Amino acid sequence: MRRIVVIGGGAAGAAFVARLLRDAPPGATSAFALDWFGGRHAPCRGVAYATADPLHLLNVRAANMSLFADAPDDFLRYAQARGIAASDGQFLPRSIYGDYLDATLSSLRATSGRHVDLALHATEAIGLRPRADGRFDVHAREREPLVADEVVLAIGALPPLALPGVTPAALASGRYATDPWDAPAPLRAPGHVLVIGTGLSAIDALLGAATRWPRARFTAVSRHGRLPALHADHALAPHAGRESLLRDLEREADPRAWLRRFRAAAREPGVDWRAVLDGVRARTPQLWATLDDGRRRRFLRHLWPLWEVARHRQPAQTAARIAALRASGRLRVLAARIASIDGDGPLRVRLHPRGEARAHALAVDHAIQATGLEADARATPHALVRQLVDERVARADALGLGLAARADGRLLRADGTPWPNLHALGTLLRGSVWECGAMPEIRSLAAGIAAGVVARAGHGVATAAG
């Protein structure tokens, strides 16, 4: 019996586990021993779906959130069966999606127990070391190592690090939260809160904090001061010029030329720019692969903020709540760069507004760092990723975007060769495929990895092969 180890308890791990439970061949005895290390979060929920706040909504419409692409209505039917008046175009609360993942895995586990022996471990995997026979020793806290034939890393975002310029005194004060999802509440309700970032993570942080501290006022700061664009109020028809646009983009291999092409397509009569951008989503990995490191660096330096605003959009009901905070005077949004944060109460913030040479001073009672998902594996404190990079089992992406991998999710050794039996899902693949963090991409790659695992088990493929 082959042993498969999945590391990471969020939606990416759930997508792979669900696929293997569903697709593993039935038999009189178990085909796989499947060990799932979920860490301290409940299996399936991870950070994203552990929230109970009904204001924290999915960023993908319900119709596209099924765990299985070949059962697209699965999540929608689940919500409707619970009495939720859900339609395919809605953005439902993330807590409901966490419930769906949990219910789906429970059902699959009940029906698949004969051919997949699943064990859940509420602990962290902290080491992964290759063996001479091609398998891996998997080390976890407070237990003996396991020997795995195949390993899937689905750990999500890495632990966030404080921004440069945040002093030890500010960190020690308890008034600066590096992680918006796991921040200790201040002893006294703050009067003025700084939120660093204006993307979707910052939006969630603002909505939660505004409810928790109804008398607080907020300042949100990012380099460009742009909030996420809005989703259309209905699902859009595919862009008619998609194939022609994709051919042009594949020929150009230059982000600046891509921006010109996007703008030209969006200006065509009757075209919604969101349909243009969404039309290339499925081919983003191929487009990203055409860029060398120099062009990728230019994209990150100049176009990434525009991409984040346009690609990672917010539902209209979320935007309305943010607009109400601004209209009431409780929220202001600044385009500025944080120079330093010091002190222990209040925090003293120095920032450089965009287009101004002179620094401004700001005093806040509390600061929340909500700059998006951390993926830099080069200097992360994450125990497992740190071990993989330090011991040259895996290679950090050169631009700080996760771990180097092939488009099929196979991680690369330090010498650049791919592992046949060490895979990654989700945020760790950003440097390799770029578009990797939403359920449509996660479930597609999870299905491919699971199919390979099943095929290798059926043919007795040796894991030591490259």
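**Exercise 1. Helices H1 and H3**

Task: In this predicted model, determine the handedness of the crossing of H1 and H3, then find how the two helices are oriented to each other.

Solution:
- Step 1. H1 and H3 cross in a left-handed sense.
- Step 2. H1 covers residues 11-23 and H3 residues 94-112; their axes lie 9 Å apart, at an angle of about 25 degrees.
- Step 3. Angles under 35 degrees count as roughly parallel, so H1 and H3 are roughly parallel to each other.
- Step 4. H1 contributes Ala11, Ala14, Val17, Ala18, Leu21 and Arg22 to the contact, and H3 contributes Leu101, Leu105, Leu108, Arg109 and Ser112.
- Step 5. Sorted by class, the contact of H1 with H3 holds eight nonpolar, one polar and two charged residues.

**Exercise 2. Helices H2 and H3**

Task: Work out how H2 is oriented to H3, and list the residues that make the contact.

Solution:
- Step 1. The axes of H2 (residues 74-81) and H3 cross at roughly 105 degrees and come within 10 Å.
- Step 2. The range 65 to 115 degrees counts as roughly perpendicular, so H2 is roughly perpendicular to H3.
- Step 3. From H2 come Asp74, Phe75 and Tyr78; from H3 come Ile96, Tyr97, Asp99, Tyr100, Ala103 and Thr104.
- Step 4. The classes in the contact of H2 with H3 are six nonpolar, one polar and two charged residues.

**Exercise 3. Gln369**

Task: Decide whether Gln369 is buried or exposed, and find the backbone nitrogen that lies 3.2 Å from a polar atom of its side chain.

Solution:
- Step 1. Gln369 belongs to strand E14, residues 366-369.
- Step 2. Its relative accessibility is 4%, so Gln369 counts as buried.
- Step 3. The backbone nitrogen is that of Leu163.
- Step 4. Beyond four places in sequence, the contacts of Gln369 include Leu163, Tyr176, Pro180 and Ile196.

Notes: Residues are numbered from 1 along each chain as its sequence is written. This is a predicted model: local features need pLDDT of at least 70, side-chain atom pairs count only at pLDDT 80 or more; totals for chains, interfaces and linings use all residues. Side-chain values use heavy atoms; hydrogens and water are left out. Helices (H or I, at least four residues) and strands (E, at least two) are DSSP runs, numbered from the N terminus. Buried means under 20% relative accessible area, exposed over 50%, partly exposed in between (1.4 Å probe, protein chains only). A polar contact is a pair of N or O atoms within 3.5 Å; within protein, one must be able to donate a hydrogen and the other to accept it, and residues adjacent in sequence count only if both atoms are side-chain atoms. Contact means heavy atoms within 4.5 Å. Axes are lines fitted to C-alpha atoms, for helices over the stretch in contact, and angles run from 0 to 180 degrees between N-to-C directions. Angles under 35 degrees count as roughly parallel, over 145 as roughly antiparallel, 65 to 115 as roughly perpendicular and the rest as oblique. A crossing is left-handed if the near helix is turned anticlockwise from the far one by less than a right angle, and right-handed if clockwise. Ala, Val, Leu, Ile, Met, Phe, Trp, Tyr, Cys and Pro count as nonpolar, Asp, Glu, Lys and Arg as charged, and the others, Gly among them, as polar.
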